[in-house]
Amino acid sequence: MLDPQLLRAQLLDTAERLKSTRGFALDVERLQALEAERKQIQTRTQELQSLRNSKSKEIGALMGQIARVGASDAAQAEAVKAKVEELKREVASFAEELSTSEQRLEQIRLSIDMISLGVPNLPGEDVPLGGSEADNVEQHRWGTPRAFDFAVKDHVELGAHKGWLDGDVAAKLSGARFTVLRGELARLHRALAQYMLDLHTGQHGYLECNVPLLVNADSLQGTGQLPKFEEDLFKTAVGEHPRYLIPTSEVPLTNLVRDSIVEDAELPMKLTAHSMCFRAEAGSYGRDVRGMIRQHQFEKVELVAIARPHESESAHQAMVRHAEIVLETLGLPYRKVLLCTGDMGFSARKTYDLEVWLPAQNAYREISSISNCGDFQARRMQARWRNPETGKPEPLHTLNGSGVAVGRALIAVMENYQNADGSITVPEVLRAYMGGAERIA
């Protein structure tokens, strides 16, 4: 979430920035009303606390007076006791009002938090303004798309050989937007994931993790999927508390530092995981339903960095380069795009997309999205680091990105490395994972 100070001291400016960059209408009147009430009740709460304390001290003094008077002056002792009882009734009244005030303050805090949880991150100053992907800014291209001297097949046609890629049987098992892979194609899919993990851990310095595929609501709230995007998640109904299938391993990896204070010596953290990912894709029906482009279940090799605030920009550039190297070593043409303000994800302050060339579509398609979230997720997760200069806990910066999507990498390899006879040449860097095979056919 955003820094609470932005919603207090700079509310109107923040609302204007959200409107102009994100097209997001912040409920300014509601926040102003809640903040005014909070201040009023906070002032009264402090008054009640002061009154209660002063009356309690007065009672203590009177009790001491009763002890001193004792039996020598029964009338005076009774008068003091009556005063004590009166003060106790006042204290009880203050305590009751104080309890009511504190409960209302908590309700106001929760209301402000609920509003804040629905507010997207503010884009960085260097993010281009725009309302859709048409306003994204291409940074560069790598590789030259191959010129074919035969009719190009898409990955579905290529995968039909020997039933390597079977959507019909998957639909029988699970429904639309699932796929069964068989034989050498399944092996090539596995080889891609293994190669990416080996590259990121061996050359790029990431720590490999194996993470749960089911997470609780707190984890998804921490990274920004809840409460806003619940309809895009698969939710379980087993047990007292619901759990959700992860949409990406960014969720468990980033939440490893939730509710903790990380020591400076542990930073930066660079984490990677290969996992299944699950997305309901609510509202996207009719788009990319053919084959493996947009599935309910798919696999990714995820990259996550936990960084000091002043190092997050350099960490972002490094993560983008690590994903680029995957595509370059696979020999897949791609382009790098800086997303505009209107096309970025909810939690991101700056995002680069890598789009791989798909010959059958004669277009570049997203295969990796790498985002710097700044302190947005860290504030939601209460993830902090101890700044050695101040000795105080401060919010971390979190970053995430695909390194890369395995299924889309498989599609790109199939289409870019296809041959006229329907066979697929195996990229050189994958041959060791394929028993030395140079092609699958």
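A: What follows is a look at the sheet, its packed helices and some side chains.

This is a predicted model: local features need pLDDT of at least 70, side-chain atom pairs count only at pLDDT 80 or more, and totals for chains, interfaces and linings use all residues. Residues are numbered from 1 along each chain as its sequence is written, and side-chain values use heavy atoms, leaving out hydrogens and water.

Start with the sheet. It is open and has eight strands, in the order β1-β10-β11-β12-β15-β9-β8-β4, with mixed pairing. The edges are β1 (137-142) and β4 (207-208); each has a single partner strand, so one side of each lacks a neighbour in the sheet. Strands (E, at least two residues) and helices (H or I, at least four) are DSSP runs, numbered from the N terminus. Two strands pair if DSSP finds at least two bridges between them.

Ala-273 stands opposite Glu-302 in β9.

Two helices pack on this sheet. Helix α7 (residues 183-202) touches β4, β8, β9 and β15 (397-405). Its direction makes about 5 degrees with that of β9. Helix α10 touches β1, β8, β9, β10 (334-338), β11 (350-358), β12 (363-372) and β15. Its direction makes about 5 degrees with that of β15. Contact means heavy atoms within 4.5 Å. The axes are lines fitted to C-alpha atoms, for helices over the stretch in contact, and angles run from 0 to 180 degrees between N-to-C directions.

Now zoom in on α10, residues 312-329, where Ser-312 lies. Ser-312 is buried because its relative accessibility is 4%. Buried means under 20% relative accessible area, exposed over 50%, and partly exposed in between (1.4 Å probe, protein chains only). Not counting residues up to four places away in sequence, Ser-312 touches Ala-307, Asn-372, His-397 and Leu-399. With Asn-372 there is also a side-chain polar contact of 3.3 Å. That term means N or O atoms within 3.5 Å; within protein, one must be able to donate a hydrogen and the other to accept it, and residues adjacent in sequence count only if both atoms are side-chain atoms.

Last, a charged group. Glu-138 and Arg-141 meet through their side chains in a salt bridge of 2.8 Å, N to O. A salt bridge needs a side-chain nitrogen of Lys or Arg within 4 Å of a carboxyl oxygen of Asp or Glu. Arg-335 and Glu-355 join these two in a salt-bridge network. Glu-138 is partly exposed at 33% relative accessibility, and Arg-141 is partly exposed at 49%.
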